[in-house]
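Good morning, and thank you for making time for this presentation.

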Amino acid sequence: MNGSGTQLGVRRSTPWLFLAPYLVLFITFVAIPVVYGLWMSLHNWDQFLPEKPWVGLENYTQLFTPGSAKSAPFWSAMKATAIFTLFSVPLLVIIPLGIALLLNRRFPGRSFFRAVYFAPYVLGVAVVGILFRFMLDPNIGAFNYLLSKLGFAGDTPWTTALPWAWISLVGMTVWWTMGFNAVIYLAGLQDIDRQLYDAAEVDGASRWQRLRHVTVPGLRSVIVFVITVTLLASANMFGQAYLTTQGAPAEKTRTAIMFIAEEGFQDFHLGSAAAMSYVLALFLMALSAGVFFFFRDREEAR
Amino acid sequence: MEAATAGRVPGRRAGRRTSRETLRWIALILLTLLYVAPIVWMLLTAFKTEEESALTPPTLLPTEWSREALDTIFSTSSQTPVIRWFFNSMIAALGNGLLVLLTAAPAAYALARMEFRGKRLVFAGIVATLFVPPIIFLAPNYEIVEALGWLDTLPAVIFPLAASAFGVFFLRQFFIGLPKELEEAAILDGASRFQVFTRIVLPLARPALATLFTLTFLTNWNDFLWPLYVLFNPEHLTLSPGLGLLQGANATNYALLMAGGLVASIPVLIVFTFAQRYIIEGVSRSGIKG
Amino acid sequence: MGRGDLTRRELLAAGAGATFVLVTGCGGSPREEITAAKFPGGTSYDGPPLTLDFWNGFTGGDGPQMLTIIDAFTKEHPNVKVKMVTARWEDFYTKFPAAISSGKGPDVAVAHSDQLPINAAHGSIVPLDDLVADLGLSESDFAADVWQAGIYQDRRYGVPLDMHPLGMYVNTKVLKDAGLDPEDPPKDRASYEAALKKLKSKGIQGSWASPFLFTGGLQFQSLLWQFGGELVNVDGSRASWNEEPGVEALSWMKSLIDNGYSPENIGQDADNIAFKNGESAFMWNGAWGIGDYGATEGFEWSLTQLPQIGTEKAAWSGSHNLVVPRNNKPDADRMQAAKVFIDFVTQSPSWAEAGQVPARTSARESEAFKKLEAQSALAEEVPYVRFPPPVPGLADVRESTLDQAIAQALGGGVSVKEALDDSAKRANQLLKFNHEKYAA
């Protein structure tokens with residue numbers, strides 16, 4: 001069927017015709033930018049100045065030179081991204097699973113609950129961002145007021161000091177996307193063979209044991225999917241920090257993406273921004289590879 | 001044997017069952033409150049005056065239901081045309097979704113079913129970019145979009161995002177999983193590849209296409225960073241950067257901010273109420289093939 | 001090896017090449033184009049009806065006021081309509097050059113005086129020397145400092161519209177309740193600190209030190225000048241805010257928190273809201289507060305000059321300037337209409353009602369202005385207002401270094417000296433970089 005490339009009904013050009021529309025988009029907006037971005041990163045690139053002097057690897061080396069103007073804020077931003085990812089991913093992997101288990105049986109109103117928990121994702125990050133900016137405001141926010149009425153401290157600086165700002169950002173992200181992950185888990189749960197559960201019950205397994213030995217293994221690929229998607233989403237977090245904390249306090253919640261965008265568009269250093277994005281990309285690719293590696297190993301061990 | 005009748009044994013077992021059921025319901029209801037309360041709060045604040053929205057301590061219900069904030073949003077000379085932003089977002093997300101289907105489906109089919117020289121290279125190239133984080137594309141795509149004259153226009157938020165490799169990857173997986181017999185039979189009957197694709201394969205692919213469309217729509221709807229920098233004129237903004245605009249320079253009118261959020265949310269929630277089954281089912285299928 | 005392969009490779013290469021050429025080929029050389037565009041002479045517009053696109057950042061209380069001025073303008077010049085578009089100032093300065101360079105810029109816009117140099121260097125705005133000559137404007141028509149602030153590399157890039165200095169707002173009710181006289185607000189360090197002490201004894205944290213640019217950053221700059229310091233050296237290549245005056249300034253601000261006159265970790269705008277809610281007494285804020293507090297029902301306040309905490313009098317001020325963006329296809333009619341618009345707006349006394357201090361002397365000395373108590377109080381600062389120096393990119397450098405240092409020091413994580421030194425060290429690299437980049 002290969003070799004000369006002829007099959008029934010396929011002219012040589014047919015595959016290319018099928019691919020063409022996509023390839024036009026792909027080449028213009030994916031393939032070329034990857035190379036172009038690299039090219040930009042080797043220059044001092046201000047889009048509004050006619051000259052863009054070549055600087056070689058300077059945009060990269062200055063990130064690794066302690067004490068340089070860019071290295072401190074860059075690594076601080078990377079650290080912010082790392083902190084956020086570290087705390088949000090486990091919560092967004094485990095809590096939605098719990099919710100999915102809660103919803104995983106037929107009972108009246110189930111689709112209502114499912115819809116309610118999913119709804120914030122449909123609202124969009126902008127609505128959620130401004131809503132929480134308002135509710136979590138340390139002075140006029142409803143949340144602090146509620147806390148004070150319940151007898152707790154009513155003046156926690158949820159959006160203006162650490163570690164509260166992190167708790168706020170992680171919390172609102174969980175509120176926003178928990179339903180999304182839960183829905184994916186629900187579908188995965190429904191794919192697990194009922195008979196496996198019955199067999200386990202016959203063996204006298206407790207609920208917890210059933211969870212560990214039937215549910216979780218049955219959800220393996222879904223869990224990997226959720227972890228990967230959530231990991232990448234968290235590492236690319238921008239909207240929540242931009243709208244709710246504005247990077248405060250003192251830019252400590254300014255994520256890598258925020259900083260790169262500021263560097264490129266506000267400070268007009270597109271070359272430096274491009275270089276930073278490549279460094280971030282390397283980290284993310286290593287992270288994704290790590291996740292796949294970690295889970296693939298286990299499977300072979302079985 | 002014992003286990004098989006577990007549900008029907010009265011006494012302690014059943015008692016534990018009902019208390020577990022009750023706990024389950026309590027958890028669900030508490031969670032629902034957690035989800036509904038902020039939306040209600042947003043609604044109540046939208047009807048307060050600017051001063052009342054910033055009071056400490058906050059008032060629960062507006063002392064006087066004011067239409068001030070909503071009037072500002074809806075006024076025609078408004079600097080904050082939230083309705084316009086809503087429509088821009090809608091057009092962008094729908095356009096993006098359709099474009100993805102139109103381009104990714106045939107491409108995925110070619111990669112799934114056809115043999116041709118360079119196929120492996122093309123597929124590898126496309127899949128490789130799945131692992132490239134989107135931030136890489138920010139600066140160069142900005143320049144490219146500018147060169148195309150698309151800055152500050154809706155094509156800028158429709159086309160670049162449609163080039164994502166996910167659609168092709170996802171649909172190819174699906175097409176590979178389809179049984180070949182139907183297609184092969186049609187070819188033997190003299191149908192062209194194109195006819196096989198449109199008459200046989202696409203109808204079978206409806207669930208996958210729906211899933212892809214839903215995911216693409218939601219991703220575009222939630223996109224924030226890119227529209228923030230490629231759109232300027234308030235009339236051309238989509239919801240994400242637009243709502244950020246409602247936060248004032250030196251002082252924020254929170255009633256206005258919440259009113260903007262409300263106006264952005266209501267239509268979405270209405271559509272969602274009717275279409276939630278399809279949307280949620282679309283999303284849930286995305287994780288299965290992984 | 002087959003035809004298909006070559007065709008594909010060629011196609012890819014051609015596509016890549018074409019897009020590449022397309023992208024890098026654009027851009028041109030803005031500098032030459034600027035000198036080519038000239039304003040037609042005269043002071044009136046007699047051309048065909050048109051609509052000017054007018055961009056600014058007046059998203060707050062000053063927006064509606066500007067719209068009123070525009071209405072008055074259109075009544076006098078019926079064939080020039082003006083369409084105003086606003087964005088947050090932050091976003092405005094990011095998008096302004098991009099819109100202009102892609103041909104979607106406005107016909108006239110407002111920019112702060114400290115943003116003129118970078119926009120001029122980017123070729124986003126055109127020199128206005130012949131425009132002001134046509135309108136017969138010169139330094140004598142304006143306050144000297146604000147007129148000078150519009151010059152970059154010997155050319156004028158902005159016509160000053162107003163000045164908005166930092167002033168001290170006073171919650172008169174809170175002062176009265178604490179037993180202080182609101183008619184006699186503190187004018188120097190000793191009396192200010194005494195007042196704060198008295199307020200504290202009544203349970204009021206009188207003067208909040210905000211870690212954000214609005215208002216802590218502006219407060220710091222005012223204090224820096226008050227203690228005799230400068231932001232940068234003469235040619236803008238080195239920071240000097242970490243020298244003795246800066247340390248004194250920031251230490252005094254920190255002392256407000258340490259002495260209990262201000263809470264810690266204040267959120268953005270929280271100080272403003274607290275002031276309006278009667279939780280504080282003094283608010284160092286810009287002229288825009290006039291509109292904000294004036295619109296707050298039942299709020300009793302007054303405005304006075306900043307107290308002199310340092311060794312000399314000084315007050316930070318910004319200035320809105322009217323600018324004309326570069327147009328790739330210069331249109332004489334639009335340029336003329338823009339000129340007439342600029343003339344009208346700068347002379348309008350009603351802009352002062354938005355809480356600004358008019359830059360034009362005639363507007364400031366008018367009866368209408370003198371009736372505005374609050375604005376007149378601010379106008380008394382005119383002899384000693386200070387503008388940030390015209391160094392391109394200084395605003396961005398300051399934002400990513402000095403502003404952060406202020407927030408860090410006030411947050412208590414770092415000592416004042418350390419924060420200032422560290423930020424200056426990083427700023428120096430950026431300033432040197434900018435200095436070379438924009439040296440053309």
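I begin with the contact between chain A and chain B, to which chain B contributes 80 residues and chain A contributes 81. Please keep in mind throughout that this is a predicted model. On the chain B side, the greatest contribution comes from helix H14, residues 254-289 of chain B, with 17 residues. By class, the side of chain B that touches chain A consists of 58 nonpolar, 16 polar and 6 charged residues.

How confident is the predictor in chain B, as given by its average pLDDT? The average is 84, and 90% of the residues score at least 70. Among the elements of chain B, helix H7, residues 155-162, has the highest mean pLDDT, at 93, whereas H14(B) has the lowest, at 79.

One stretch of chain B calls for caution. Over residues 1-7 of chain B, pLDDT stays under 50, and the model has 3 contacts beyond four places in sequence for these residues. Where pLDDT is low, predicted coordinates should not be read in detail.

As to domains, the assignment for chain B gives domain 1, covering 3-73, and domain 2, covering 81-245. The C-alpha centres of these two domains of chain B are 37 Å apart.

I turn now to chain C. Here 30 residues of chain C are in contact with 26 residues of chain A. Helices of chain C that each supply at least two residues to this side include H1 (3-25), H4 (89-101), H12 (270-276) and H20 (416-437). H1(C) gives the most, with 5 residues. The side of chain C that touches chain A divides into 10 nonpolar, 18 polar and 2 charged residues.

Finally, within chain C, at what angle do helix H10, residues 213-226, and H19(C) pack? The angle is about 100°, and the axes lie 10 Å apart. An angle from 65 to 115 degrees counts as roughly perpendicular, and H10(C) and H19(C) are therefore roughly perpendicular to each other. H10(C) makes the contact through Leu213(C), Gly216(C), Gly217(C) and Phe220(C), and H19(C) through Asp403(C), Ile406(C) and Leu410(C). By class, this contact has 4 nonpolar, 2 polar and 1 charged residues.

Methods:
Residues numbered from 1 in each chain as written. Chains lettered and ligands numbered in written order. Predicted model: local features only at pLDDT ≥ 70, side-chain atom pairs only at ≥ 80, totals over all residues. Contact = placed C-beta atoms within 7 Å. Helix = DSSP H or I, 4+ residues; strand = E, 2+ residues; numbered from the N terminus. Nonpolar A, V, L, I, M, F, W, Y, C, P; charged D, E, K, R; others polar. Domains from an automatic or database assignment. pLDDT = per-residue confidence, 0-100. Axes fitted to C-alpha atoms, helices over the stretch in contact; angles between N-to-C directions. Parallel < 35°, antiparallel > 145°, perpendicular 65-115°, else oblique.
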